[in-house]
Amino acid sequence: MPETHRRPASNLPPLSLHIPEPRYRPGDTPDFGDIEVPAVEATPRPGEATKPDAMRDMCYGLVRVLDFDGQAKGAWDPKLSAERLRAMLRYMMLVRAFDDRMFRAQRQGKTSFYMKCTGEEATSVASTMAIDRADMCFPSYRQQGILIARDYPLIQMMNQIYSNRGDHLLGRQLPIMYSAPEHGFFSVSGNLATQYPQAVGWAMASASKGDSRIATVWCGEGSSAEGDFHSALTFATVYNAPVIFNVVNNQWAISSFSGFAGGERTTFAARAVGYGIAGLRVDGNDPLAVYAATQWAADRARTNNGPTLIEHFTYRAEGHSTSDDPSAYRAAQEASAWPFGDPIARLKQHLIALGEWDDAQHDALRAELDDLVKTTQKQSEKLGILGHGMHQPFETMFEDVFEEMPWHLKEQCDQMLAEQEKKFGPNWKPE
Amino acid sequence: MMAGETQTKTMNMIEAINSAMDIMLERDPNTVVMGEDVGFFGGVFRATAGLQKKHGKTRVFDTPINECGIIGVAVGMGAYGLRPVPEIQFADYIYPGLDQLVSEAARLRYRSANDFICPMTVRTPFGGGIFGGQTHSQSPESIMTHICGVKTVIPSNPYDAKGLLIAAIEDNDPVVFLEPKRIYNGPFSGYYDRPVEPWSKHDASAVPEDYYRIELGKAATVRAGEAVTVLAYGTMVHVAKTVIEEMGVDAEILDLRTLLPLDIDAIETSVKKTGRCLIIHEATRTSGFGAELAALVQERCFYHLEAPVERVTGFDTPYPHSLEWAYFPGPVRIATALEKIMKD
């Protein structure tokens with residue numbers, strides 16, 4: 001050991017390094033009894049123009065609307081019509097049906113990768129429904145609910161997942177890295193939290209032009225550790241940007257629990273405190289609470305009262321992606337033991353309690369959505385699946401690096417085309 | 001060289017760069033200029049002096065000291081439809097923003113198949129010769145040219161700086177515009193112990209006051225010659241010229257002006273004519289842009305070469321403070337290489 005690493009002789013106690021460790025590992029029986037669940041009526045609803053320092057408690061509490069009996073209560077109840085609630089339920093169920101089908105498609109070898117958002121559907125669907133359709137969304141990779149809540153054609157999502165002939169991204173992006181400008185959905189990166197400062201820039205641009213549109217952005221609690229997250233919050237507070245920051249705290253970043261992003265010490269909503277922006281901590285499995293909090297933040301942003309950070313306290317019920325095996329690092333029963341239940345089940349329960357829904361309708365809707373997804377999948381697969389045939393002309397590989405192709409890319413493109421001809425013969429054409 | 005009938009004014013590089021931004025702010029309501037200290041103060045090198053007063057605070061403004069934020073925010077502004085011109089105060093500070101540049105700005109058009117573009121121009125002063133030490137002297141151009149999807153531009157005089165910067169701002173792809181700060185106020189002979197010559201004594205300081213552009217991707221022949229081709233850019237163009245004139249070598253000097261896309265035709269034509277090629281840059285040697293140039297010349301002109309391609313570069317050390325002039329690829333290093341290449 002080098003001299004500098006040796007403990008000097010002294011009577012001070014030895015220092016110790018803390019390495020966070022989740023409470024439950026495979027084989028353990030999880031018990032989340034110590035998670036504080038405040039009563040629905042206990043959380044006040046400050047006015048949208050409230051100064052951040054007067055609402056710090058919101059960062060440590062929990063915005064709730066639905067109690068566990070399916071009743072909507074308290075100051076945050078957005079009082080949505082039954083029709084709107086059914087639309088919300090339908091969107092969330094469609095997300096789940098889509099996820100199940102596409103996960104299976106990956107397992108069947110039809111594509112390389114997929115990511116589900118099971119248990120987190122409310123954090124994108126309800127959130128998107130609470131803002132205007134013209135507002136701009138900067139998603140992370142688990143916000144397929146945005147596209148579905150904005151009625152983006154399912155077939156286009158599938159074409160992208162299959163990188164097939166219908167994929168308007170020309171097979172360039174990993175599955176689920178959608179882009180849909182007409183639906184206010186920014187191109188998904190794959191690098192984490194890079195969308196955070198970009199959303200702030202978009203919001204700043206909107207404000208500088210006297211526009212009325214706002215920006216909204218998502219990341220996971222894990223990637224809130226990225227520098228980009230903190231850059232974004234700094235810029236947002238400096239320029240009072242009309243932006244909503246969503247941190248979907250689903251407890252797990254692949255195999256790293258939220259403690260590795262600082263979750264053992266404080267809440268993620270409390271990151272807002274240091275930046276002097278409004279923070280709300282929300283039951284992310286309560287679609288009405290997510291809706292209400294987002295609506296509050298949108299009203300705040302739209303009236304020049306600045307940004308809001310919303311922590312959606314939720315649970316990632318399945319693996320990080322098709323490449324993940326959560327049974328290797330966490331207790332199997334965590335999802336079922338999660339004290340806030342499942343967002344779809346809770347909204348269903350609420351609609352039934354209102355007398356606006358029943359089990360038969362629910363089952364029929366599920367069957368209808370499964371069928372819709374299945375039918376769409378068949379249409380999409382007619383345009384090809386990944387790894388079976390060639391779906392894009394080879395030269396598209398070199399297009400769009402720049403607006404106009406410079407000489408060196410033209411040369412490389414010619415080289416590649418010659419390679420393909422050598423391999424497949426002179427009569428070869430891409431499918 | 002002059003654009004139409006427009007009136008010219010004697011400008012140094014700072015004034016020419018300022019004029020380019022002034023014109024673009026005037027012509028295009030979507031152009032915004034931002035960066036550390038660029039607003040009220042007008043920038044630490046004065047490149048944005050007076051622009052905030054003239055165009056307003058929402059068009060020209062200060063930013064937090066956060067390069068990741070500066071470039072990331074500019075990407076979002078571009079997605080909205082603005083044409084941001086962020087300044088990174090020193091090229092040495094660009095690294096915290098590199099992910100936003102490499103993975104986001106540069107790839108946005110490609111990954112979204114033209115759904116979104118990034119018409120951003122990152123201006124940043126680079127290079128040594130001002131006693132800036134290791135964190136205010138670096139030349140990171142080869143890091144930029146290694147990114148696919150970014151254009152890299154380096155002017156060497158006021159006239160080019162204005163025309164190239166306007167073209168860069170109007171370009172619909174991200175451009176890194178590297179400004180050789182040693183020559184902001186006057187061309188540099190390479191002799192640090194001689195009096196500094198102001199731009200006003202140089203032809204290229206006659207700058208049209210109005211709009212004009214110089215196409216990206218085109219080199220300029222600074223001096224025509226038959227004996228050897230010298231490839232240089234930025235500050236080194238002037239140092240090379242001084243040495244060549246002192247030695248009386250009939251060299252052809254190409255000022256590359258844009259490193260990517262590179263003017264390969266100009267390089268190939270010149271080297272095939274002269275049969276010799278000397279490459280000069282201030283950046284560190286290993287994996288520097290000179291390596292790319294040497295490879296291209298070898299690939300395209302091998303049977304015309306009468307001597308091995310030579311590189312004159314900075315050394316592979318951090319840029320030292322007190323020993324700056326021992327690091328800088330000055331007249332001695334250039335003359336030695338020229339003698340060698342002419343002897344072979």
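Two residues are in contact if their C-beta atoms, placed from the backbone, lie within 7 Å. This is a predicted model, in which local features need pLDDT of at least 70 and side-chain atom pairs count only at pLDDT 80 or more, while totals for chains, interfaces and linings use all residues. Residues are numbered from 1 along each chain as its sequence is written, and chains are lettered from A in the order in which they are written.

Leaving aside neighbours within four places in sequence, A:Val200 is in contact with residues of both chains, including A:Phe235, A:Val243, B:Val73 and B:Gly76. A:Val200 is also among the residues with the most contacts inside the largest nonpolar core, which has 210 residues. Such a core is a set of buried Ala, Val, Leu, Ile, Met, Phe, Trp, Tyr and Cys residues joined through C-beta atoms within 7 Å. Buried means that 20 or more other C-beta atoms lie within 10 Å of the residue's own.

The contact between the chains takes 36 residues from chain A and 34 residues from chain B. On the chain B side, α3(B) gives the largest share, 10 residues. Helices here are DSSP runs (H or I, at least four residues), numbered from the N terminus.

| α3 of chain B | 67-80 | at least two residues touching chain A |

Of the 13 residues of α7(B), 12 are buried, and B:Tyr159, B:Leu164 and B:Ile169 are among them.
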